[in-house]
Amino acid sequence: MYLPGVGPKRAELLRTELNINSVEDLFSYYPYKYIDRSRFYFASEIAENLPYIQLRGRIRNVQKSGTGKNQRLNAVFFDETGVIDLVWFKGIRYAEDKLKPQAQYIVFGKPSVFNGRFSIAHPEIEFATEENQRQALGWQAHYNTSEKMKKHFLNSAAIRKIMHTALQNLPMKLPETLPSYLIEQYNLMSRHEAVVAVHFPQQAEVLHRAQHRLKLEELFYIQLDILRQSKFRELKYQGFLFDKIGTLFNTFYEKNLPFELTGAQKRVLREIRQHVGSGRQMNRLLQGDVGSGKTLVALMSMLMALDNGFQACIMAPTEILATQHFETIANMLDGMGINIALLTGSTTKKAREQLHEQLRSGELKILIGTHALIEDSVQFANLGLVIIDEQHRFGVAQRARLWNKNLQPPHILVMTATPIPRTLAMTVYGDLEVSVIDELPPGRKPIQTYHYYDSKRIAMLDFLKKQIDAGRQVYVVYPLIQESEKMDLQNLEAGYEFFKNHLPQYHISMVHGRMKAKEKDDEMRKFASGETQIMVATTVIEVGVNVPNASVMVIESAERFGLSQLHQLRGRVGRGAEQSFCILLSSYKITTDTRKRLEIMTRSNDGFEIAEADLQMRGPGDMDGTMQSGMPFELKIANLSTDSHLLSFARQVALEILDRDPKLEKPENAILVQQLNKKNKNSMNWSVIS
Ligand code: ADP
Ligand code: MG
């Protein structure tokens with residue numbers, strides 16, 4: 001507020017619009033782009049494919065033409081070497097006011113060719129002043145501002161000015177925020193230099209060094225924080241020791257296992273076994289694409305717990321999924337005499353009481369359920385292993401409550417079929433060790449995916465008919481339109497009618513989120529048993545449902561789905577030996593981005609590739625479920641999709657420091673603790689409880 005050029009009004013705007021509360025906050029409000037103002041171009045130098053350039057000269061022939069929406073403003077800009085057209089389609093009045101004959105201007109913009117002449121559309125223009133005419137203005141920073149700020153003339157240029165004043169008024173250099181040994185070892189810019197250069201870079205190379213330093217610092221502290229917490233936990237808690245492979249595991253392996261494990265399943269089981277046999281508490285993320293066989297890995301891990309005298313549980317995000325897990329697992333364990341139970345919201349009070357009793361006595365060995373497991377009334381005798389399926393639906397706080405069911409925390413295995421790009425895994429789940437099932441069970445044929453416009457829907461029916469007559473089943477999925485549950489239902493019901501009218505010879509099931517659990521289950525069961533051949537549903541079937549005989553997934557309004565959701569849905573087919581298909585229907589009018597999304601789907605079956613593409617296209621903040629709920633911090637300068645190398649490097653640096661000084665007690669590391677405390681003051685301490 002006291003900074004020249006700010007004052008109480010602007011200070012308030014900065015606070016409410018950009019969350020800038022101090023000069024320090026201001027310095028870490030980084031530009032979103034830079035424009036090369038290190039030189040002026042001459043009009044005669046303009047060529048095709050030039051980037052953003054600046055010119056200096058005068059203006060003549062200001063002309064308005066057209067009316068209403070077609071109105072435009074033309075002017076001719078000239079210097080001593082030539083001319084270029086300037087064109088406005090918007091903001092005409094504002095531009096017109098600014099264009100005065102005889103005045104000297106500086107014009108910025110990206111030249112293009114129109115009607116055989118060079119022109120710049122919507123150039124930025126400024127009156128030439130002594131300051132902006134000086135040659136070496138370097139790279140000019142541009143800042144995001146809100147509409148409200150612009151209304152009060154707090155635009156990018158104003159921020160730049162404030163930034164400049166703030167830097168000039170500093171009583172001393174900005175204090176260093178990294179230990180000097182790091183600065184030396186990695187030849188980093190000092191904090192002061194980096195802040196100055198990132199806002200007022202003179203040359204590209206200096207800018208890059210400044211960005212490197214600031215990004216590295218940002219990523220480094222996140223990694224250091226995560227890794228320090230997990231080190232701390234490791235030092236504080238012992239893990240239960242599962243040191244024997246006993247009868248249950250072996251009996252299952254020899255007698256009950258219905259197929260050979262894939263190489264990846266074997267490897268992952270070895271990783272888990274090693275971890276739970278080490279005396280360290282396990283916090284592990286198990287990633288595996290849909291259909292890769294995670295359930296079996298979960299089951300066999302639970303047998304390790306049982307063999308060592310412990311109980312185990314699986315928590316699933318929906319009742320359907322919990323029930324399916326229960327049935328699959330009960331089936332596989334058939335004849336082994338293991339006491340196993342299902343607990344969901346619809347478990348009756350009486351059954352529940354009995355179940356609680358058996359859990360406390362230790363008689364019940366495996367419990368499978370939904371959120372109901374977290375309730376305080378659910379107490380175990382000795383819970384050794386918790387498995388969380390499709391983890392992203394569970395908040396961190398919920399995980400924490402599971403943790404507290406013992407004095408000593410159980411081992412935790414988090415399973416997800418949403419492949420998480422490596423960089424995100426390293427941050428969002430940075431304290432979890434990662435196992436990956438990167439191989440599908442043998443005999444699976446890659447799903448063939450096609451994208452059609454809605455107009456092909458009728459033609460598609462023939463194809464569906466052939467599939468069903470050959471004994472297969474079909475899913476048709478409709479998007480959830482969150483703003484209007486009513487419309488969802490209408491779409492879904494219209495879809496149901498459509499298929500009923502066009503394919504009257506088949507039985508059709510319908511499932512949506514607003515049905516009672518029992519009705520839903522009944523319909524699911526009918527489809528699973530083959531009683532119905534077509535399942536018309538909203539995305540409630542997204543997670544986990546397993547009907548191997550279903551071979552076609554039709555996704556209506558595919559443009560409304562994110563990539564990872566499309567991939568999840570597609571994963572509902574291709575589970576049997578038959579060739580499976582996924583048909584993406586969309587309207588004809590779709591954006592370039594959507595087209596790209598659908599194209600990736602038709603090209604790739606690889607969940608990791610798709611997740612990477614998703615991250616590249618949308619940025620981490622926008623990713624489905626996992627990311628939205630999982631991002632516990634905000635990145636101000638680094639970018640998880642483009643700075644992945646730097647992230648690995650930052651993690652490595654943090655690991656090395658913690659290896660040498662696990663509690664950060666050495667004097668040279670005092671600065672690290674101080675910075676971490678400062679950064680954590682404002683954010684929830686989340687990683688302790690993962
Ligand atoms: P997901 O990883 O999506 O949870 P599931 O555990 O549901 O996958 O497994 C998908 C299907 O593959 C199931 O029908 C399961 O029985 C089968 N399956 C799992 N492992 C193997 C294997 N090693 N060989 C053959 N089929 C397997
Ligand atoms: Mg699964």
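The dialogue below explains how to read several features of a predicted model.

Visitor: Which conventions apply to this model?

Guide: In this predicted model, local features need pLDDT of at least 70 and side-chain atom pairs count only at pLDDT 80 or more, while totals for chains, interfaces and linings use all residues. Residues are numbered from 1 along each chain as its sequence is written, chains are lettered from A and ligands numbered from 1 in the order in which they are written, and side-chain values use heavy atoms, with hydrogens and water left out.

Visitor: Which residues are closest to ligand 1?

Guide: A residue is near a molecule if one of its heavy atoms lies within 4 Å of it. Here 17 residues surround ligand 1, the closest being Gln265, Gly291, Lys294, Thr295 and Arg444. Helix 12 (residues 294–307) gives the largest share of that shell, three residues; helices are DSSP runs (H or I, at least four residues) and strands likewise (E, at least two), numbered from the N terminus.

Visitor: Which backbone atoms does ligand 1 approach?

Guide: A polar contact is a pair of N or O atoms within 3.5 Å. A nitrogen atom of ligand 1 is 2.9 Å from a polar backbone atom of glutamate 260. Oxygen atoms of ligand 1 lie 2.6 Å from a polar backbone atom of glycine 291 and 3.1 Å from one of glycine 293. Taken alone, ligand 1 exposes 570 Å², of which the protein buries 82% (Shrake-Rupley method, 1.4 Å probe).

Visitor: How many salt bridges does the structure hold?

Guide: Side chains of opposite charge can pair when their charged atoms come close. The structure holds 28 salt bridges, each a side-chain nitrogen of Lys or Arg within 4 Å of a carboxyl oxygen of Asp or Glu. One of them joins lysine 215 and aspartate 643, with the closest N and O atoms 3.3 Å apart. This pair links distant parts of the chain, 428 residues apart: lysine 215 is in helix 9 (residues 204–236), and aspartate 643 is in the loop between helix 23 (625–630) and helix 24 (644–660).

Visitor: Is lysine 215 buried or exposed?

Guide: Buried means under 20% relative accessible area, exposed over 50%, and partly exposed in between (1.4 Å probe, protein chains only). Lysine 215 counts as buried because its relative accessibility is 17%, and aspartate 643 is buried at 11%.

Notes:
A polar contact is a pair of N or O atoms within 3.5 Å; within protein, one must be able to donate a hydrogen and the other to accept it, and residues adjacent in sequence count only if both atoms are side-chain atoms.
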